[in-house]
Amino acid sequence: YESALSPRERIKKTESIFRRILILQCCMRQLQVATGNAHKLSEIRSLLGPEWEVVGLSDLGIEEDIPETENTLEGNALLKARYLYERTGQAVCAEDTGLEIRALGGEPGVRSARYAGDARRSDANMDLVLSRMRGISDRSARFRTVIAFLDDSGRSHLFEGVCEGSIREQRAGTGGFGYDPIFQPEGYTQTFAELSTDQKNAISHRGRAVRAFIDFLIV
Ligand code: IMP
């Protein structure tokens, strides 16, 4: 059977075996995530299921805020992952997420956390978005998440997840976090903040990025 495989198929098979070894050897079903955001950790935990131990920065005794100084989501995700990798020397991942609003030329984008200032207050960020969107009829927007995974040897792998939707005129709902009360995913009448965690995870940017990452680990 082996000899019936073409060289390309053999390479793919070898890659797949290496990925399995990667899970067994370096992850051991523990995933270190370079974030102190409890909401993100909780979403990632429920996406990965009980067989994964998802460990955040504070679980690792790291209380510092990792500076996000790059000007792309990819750059910031890599920067956060490298920061943690330098401290633990183990396989780690980090993610960066941005809300990209078409009528605002893709803003707040990579500046989503600090859109209304360094205090990183979600209420102020949403107020600023709502005021900039006042009177604008094109309300289309999307969330984009980039996950950076550094394997045992520090090699980087990037995964992306996108959720298309629109910006509401007003907040609705109390669930979720960040911009959830003003973002209505495509095909839904509720905002993310009105959906359950499972409903959000099934369609969200982060859910999609995490599933792409898991596919990479287990294919
Ligand atoms: P960061 O990825 O932690 O830099 O987050 C960027 C900004 O987007 C922060 O203001 C977050 O609160 C917000 N954000 C990240 N993920 C989500 C989400 O799933 N829903 C709503 N807001 C989010």
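For this tour, Ala, Val, Leu, Ile, Met, Phe, Trp, Tyr, Cys and Pro count as nonpolar, Asp, Glu, Lys and Arg as charged, and the others, Gly among them, as polar. You are looking at a predicted model, where local features need pLDDT of at least 70, side-chain atom pairs count only at pLDDT 80 or more, and totals for chains, interfaces and linings use all residues. Residues are numbered from 1 along each chain as its sequence is written, and side-chain values use heavy atoms, with hydrogens and water left out.

**Stop one: the ligand**

Now zoom in on the polar contacts (pairs of N or O atoms within 3.5 Å). Pick Lys40: a polar atom of its side chain lies 2.6 Å from a ligand oxygen. At Tyr179, a backbone N or O atom is 3.0 Å from a nitrogen of the ligand. Arg206 brings a side-chain N or O atom to 2.6 Å from a ligand nitrogen. Taken alone, the ligand exposes 480 Å², and the protein buries 92% of that (accessible areas from the Shrake-Rupley method with a 1.4 Å probe).

**Stop two: the pocket**

Which space does the ligand take? It is the largest pocket (more than half of the ligand's atoms lie within 2 Å of its grid points). A pocket is an open set of points on a 1 Å grid over the protein atoms alone, with protein on both sides within 12 Å along at least five of seven lines; a cavity is a set where a 1.4 Å probe fits but cannot get out, and lining residues have an atom within 4 Å of a point.

The largest pocket has about 840 Å³ of space (a volume is the space filled by probe spheres set on the points). Of its 37 lining residues, Asn37, Lys40, Glu68, Ala113 and Arg120 are closest to its centre. Next, colour strand 3, which gives the largest share of this lining, five residues (strands are DSSP runs of E, at least two residues, and helices of H or I, at least four, numbered from the N terminus). By class, the lining has 10 nonpolar, 12 polar and 15 charged residues.

**Stop three: the cavity**

Finally, select Leu31, Val33, Ile44, Cys93, Glu95, Ile147, Val210 and Phe213, which line the largest cavity. That cavity holds about 40 Å³ of space. Seven of its lining residues are nonpolar, none polar and one charged.

Note on methods:
A polar contact is a pair of N or O atoms within 3.5 Å; within protein, one must be able to donate a hydrogen and the other to accept it, and residues adjacent in sequence count only if both atoms are side-chain atoms.
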